[in-house]
Amino acid sequence: MSSNKQGLSSIGRKVIMALTGFFLMFFLLQHLSINMMSVFSSDMFNEVSHFMGTNPVVQYALQPVLIFSVIFHFVWGMYLEYQNSQAREVKYAMYKGSANASWMSRNMIISGLAVLAFLALHFYDFWIPEINVKYIQGDMSGMLPGADHYRYHEELVHKFAGQPIRVALYVLSFVMLSLHLLHGFQSSFQSVGYNSTKYTPVIKKLGNAFAIAVPAGFVVVALVHFFSH
Amino acid sequence: MSTLDGKVPHGQPLKDTWTTYKDKVNLVNPANKRNIDIIVVGTGLAGGSAAATLAEQGYNVKAFCYQDSPRRAHSIAAQGGINAAKNYQGDGDSTYRLFYDTVKGGDYRSREANVHRLAEVSTNIIDQCVAQGVPFARDYGGLLDNRSFGGVLVSRTFYAKGQTGQQLLLGAYSAMNRQIARGKIQMFNRHEMLDLVIVDGKARGIIARNLITGEIERHSAHAVVLGTGGYGNVFFLSTNAMGSNTSAAWKAHRRGSYFANPCYTQIHPTCIPRSGDYQSKLTLMSESLRNDGRIWVPARIEDVEAVRNRKLKPTDIPVEHRDYYLERRYPAFGNLVPRDVASRAAKERCDAGFGVNATGEAVYLDFASAIVRYGKEQALLKGESDATDARIKELGKDIVKAKYGNLFDMYKQIADENPYETPMMIYPAVHYTMGGLWVDYNLMTTVEGCYAIGEANFSDHGANRLGASALMQGLADGYFVLPYTIGGYLSNDIRTGKISTETPEFEAAEKEVKERLEGLVNNKGTRSVDYYHKALGIIMWEKCGMSRNEKGLKEAIEEIGALREDFWKNVSVPGGAYELNPQLEKAGRVADFLELGELFAKDALDRNESCGGHFREESVEVGGPQDGEALRDDENYAYVSAWEYTGKPSDAVLHKEQLDFKDIKLTQRSYK
Amino acid sequence: MDNMNLTLKIWRQKGANDKGKMVDYNVADISEHMSFLEMMDVLNEQLVNTGEEPVAFDHDCREGICGSCSMFINGEAHGPVKGTTTCQLHMRSFNDGDTIYIEPFRAKAFPVLKDLVVDRSSFDRIQHSGGFISVNTSGNTQDANATPIPKHDADLAMDAAACIGCGACVATCKNSSAMLFVGAKVSQYALLPQGKVEAKDRAQNMVAQMDAEGFGNCTNTGACEVECPKGISLSNIARMNREFLSGSMG
């Protein structure tokens, strides 16, 4: 990714945003499929969760890549936003952004920061307790204390049942994620140099479907657990 | 009055002249080229290609343009194409035929040897441009496509959509960029040449103004090349760019370069008419429209009134009340008569009161019959024998759209009328100036070391330019002619060394320039620059336009002189001399146009014949089938008029270069 | 429609190092057939006649091809009509009583020189870094028809080459990115066999220069394509990304 005096070139930067974006989208899909299981079968959800939580490949290979992607995508995205704002020192008195570009494409930083805020909540809810149990308390069993089954489904339900504020925050966050993906999906393809008269329209449609269906899936899971308990 | 020598090498047949010249011309050794500086002013097709080629050969080039980038020179606006005698279509084209067409098209007022050379190098231009990545149109086999243009009998015009000038200019610009990157061209954007500096009788530099800071700069060189375009803006309204000007050429003229044939102006028949007094420029519509459009005005004056007041739609005027005046006057050629004939005929009708728009200066160009004709053909091809009138029109419009869609869109954008439904309105406009600085076969002006190329010189188009030949000439001069001829001159300069700018000549020229600029900004008069430019334009258009006569031309000389005097007394130029000041730039250019206009009228007065773009009412055929048509006078006027500056433009001294035609027999044009 | 009276809010700035501000002007009796620049001429004539300094703006051919005219009009590059340069924008796109904002194209890489005039020489410098095919003017390059070029490629190259270098893409981009401009040039040459030879180096060099000039990063909003008066396609940016990446890998 040829560099110049200022480090990575502008195209290199956008390609890395796209590649980390691709990985994160893949991760979302995987995360959603596991979450979906919680709606249909608590056993299956528990089994898979335990596998994901203890498998060394997932934990020591995929997880670091994920963490790297998340951090990189956010930090780099914010840095680019800063840099881009520097590219116009005097702002326009009148700027009609809506005349030529979608709200989503112009406000990736807003939707992105909203998702970042959500991640903080999400880590607080799940990831930190998980790390605490597994690596600080050293309990790798995944069992619910005082019971003969895994703890994952219980924990999940516990977070949503009777928690309207948290559920509302989750729903809102996924709306923002959806907006982020509405631009991000197709944009990633353009960034890595893929644009064809034949398939780009297909990618755009696919991207819209992904951007709506995936966040909607997460919302459904949260709502199901909220209403059914 | 003296006779000028065009320095055409003698002793061999015309077709071998250029080859022999190239074989024998003195060359400059590469090591010496590094010690020679050349100034190129103007970066259009001629200047840009010359700067790139000279730099590539090893000279140190300083290139100047008034625009913010060389890519914006007005060559960029040429639409149609570029001629070359490639004979890719196998339709019998050849170097000789291109040469012959160009001389005949120029109404036998160009220098034969120059035109032959132009035809010879035309093929190299296409090779060169393709190698540079110019995306010419291609056919499905991947080979270059051609179209026919300007009523010649072969298809020799290469094109890149309707943007051929743009693509060729960007090609020359890219060649320049390569040399700028190598440090061989030093580029001065937003710089305007304000004087030519002559040391010991040779052009050795220029005084230029940095248009951003207003600073006056001295630049020296061993030779100065002017590729500064034509002077069509002397008419105020023309198809030239707003900034196109004659100042560089005029400065060279004032310093001793003769100005040749200033009265040869091409007035293009198909431009979008003026809509009001605020109009700043005119837009050309490609000549190709006349292939399918029929030109007419109402035959009855009451219908004219009604369409002007929008009480009557042109489409509601029945055919028997229309005057298809070109078809009426020129049954053989009809709507396809040459540019000058079509232009004069439109003016004749409008002067008689039949102009169809609010300003009274417009005629109709109607595609209704072409739409029906194409529609019927399509209906047959598609097997729709019972197609309704509406269906036929629909089919026909598709064909017209495929052929002229972009032009129709452009018309709609400017005129706000749909040309598929209602006839276009068109009117002639000044488009190109064949006259310019007199140059010899080497493209050198009468000032040693000062060269003029492209539209800035006079040499190749005679009294009238054929379509798609301007681009050819600009690039021929810049890529393939000047780089050879200038070597012969510079080979004597290898021991000269760097030219100093700290000499009395530079000092005096700079002082003069500064005084003039300061005079303009300190004048604090009452009238804007545009007031004078518009007033000059009206005189030029009325008295030196499509049709000229002795009385009008004499009046024009007087009126322009008086206007110039008033300008220097009463012009108002806001802002300072040493800052970015567009009004001041314009003032300087208009001041020069006010001199050129007078010389223009004088030249037109002197030439009491009608040839090409120059029509004298006194010189017409009388009686016979050609009654009233232009009459050339080869006996008395087969010469180039080269004017020497002596102070007042109308006191300029005439020098003649006799034109003799060895390879071509002179004939009178007939389109009846 | 009758003639219009308008309020203009125009950026006035004495020189490159001065502070500028928006200033209000009124123009009366503007015909709908005027081009936007002719309306500016009317204003300037008015200013000259009252002894004020006219508004400086870039313009030249006034037929939509030279790329000189710029102006950010009512929040859009070249004003509200798509596929149009300012010189081809006509006053019929406005209404009597309108207030029109007129600002220079803004980007760090396009510093204002005076009023509405900006310095776009950064575009030239990008071209110097690789916007050419390295061929000498010899008069004996191979015959123009020696290498057939598929019509499809030639047409795509022509579409990319139609760029007029006006800078509307940069002006309109929320990031002031020049990717459409650079992408168009890289694409034109990459699509032609003559230009393929240097295609990878060209992309590397031109992108490096683009970055050095201080243009922003592309975030694929697509605003450039919409505002481009010549309709240059975003696919040119994707093609440049490809050329760049394959140059980086190899």
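Read along the sequence, chain A of this predicted model follows the pattern β-β-α-α-α-α-α-α-α-α, with two strands and eight helices in the chain. The C-alpha trace of chain A spans about 65 × 40 × 40 Å along its principal axes. Of its 229 residues, 29% count as buried. Among the contacts in chain A with a separation of 6 or more, 76% are made by residues 24 or more positions apart. As for confidence, the model scores ipTM 0.98 and pTM 0.96, and chain C has a mean pLDDT of 96, with 99% of its residues at 70 or more.

Helix α1 of chain A, residues 10–40, deserves a look of its own. Its 31 residues reach 46 Å from the first C-alpha to the last, close to the 45 Å expected at 1.5 Å a residue.

Turning to chain B, an open sheet of five strands with antiparallel pairing has the order β11-β15-β14-β12-β13. Strands β11 (265–271) and β13 of chain B stand at the edges with a single partner strand each, so one side of each is left without a neighbour in the sheet. Strand β12(B), residues 294–298, has four of its five residues buried, and it is therefore largely enclosed by the rest of the structure. On one account, β12(B) pairs with β14(B), residues 363–366, in the antiparallel sense over three bridges, where B:Arg294 has B:Asp366 as its bridge partner. On another, β12(B) pairs with β13(B), residues 322–323, over two bridges, again in the antiparallel sense, and here B:Val297 stands opposite B:Asp323. Strand β14(B) in turn pairs with β15(B), residues 424–433, through three antiparallel bridges, and B:Val363 finds its bridge partner in B:Ile426. Across β11, β12, β14 and β15 of chain B lies helix α10(B), residues 339–354, which runs at about 70 degrees to β11(B).

Another enclosed element of chain B is helix α7, residues 247–254: seven of its eight residues are buried, so the helix is largely enclosed by the rest of the structure. The buried residues are B:Ser247, B:Ala248, B:Ala249, B:Trp250, B:Lys251, B:Ala252 and B:His253. Just after α7(B), B:Gly256 takes a positive phi of about 125 degrees.

Nonpolar packing brings several of these pieces together. In soluble globular proteins, nonpolar side chains tend to be buried together. The largest nonpolar core of the model has 291 residues, and those with the most contacts inside it are B:Val225, B:Leu226, B:Leu437 and B:Tyr451. Helix α17(B), residues 582–606, gives this core its largest share, twelve residues. A second, separate core of 15 residues includes A:Phe160, A:Leu181, A:Phe218 and A:Ala222.

Technical notes
Residues numbered from 1 in each chain as written. Chains lettered and ligands numbered in written order. Predicted model: local features only at pLDDT ≥ 70, side-chain atom pairs only at ≥ 80, totals over all residues. Buried ≥ 20, exposed ≤ 12 C-beta atoms within 10 Å, placed from the backbone. Pairing = 2+ DSSP bridges. Expected span 1.5 Å × (residues − 1). pLDDT = per-residue confidence, 0-100. Contact = placed C-beta atoms within 7 Å. Axes fitted to C-alpha atoms, helices over the stretch in contact; angles between N-to-C directions. Core = buried A, V, L, I, M, F, W, Y, C linked by C-beta atoms within 7 Å.
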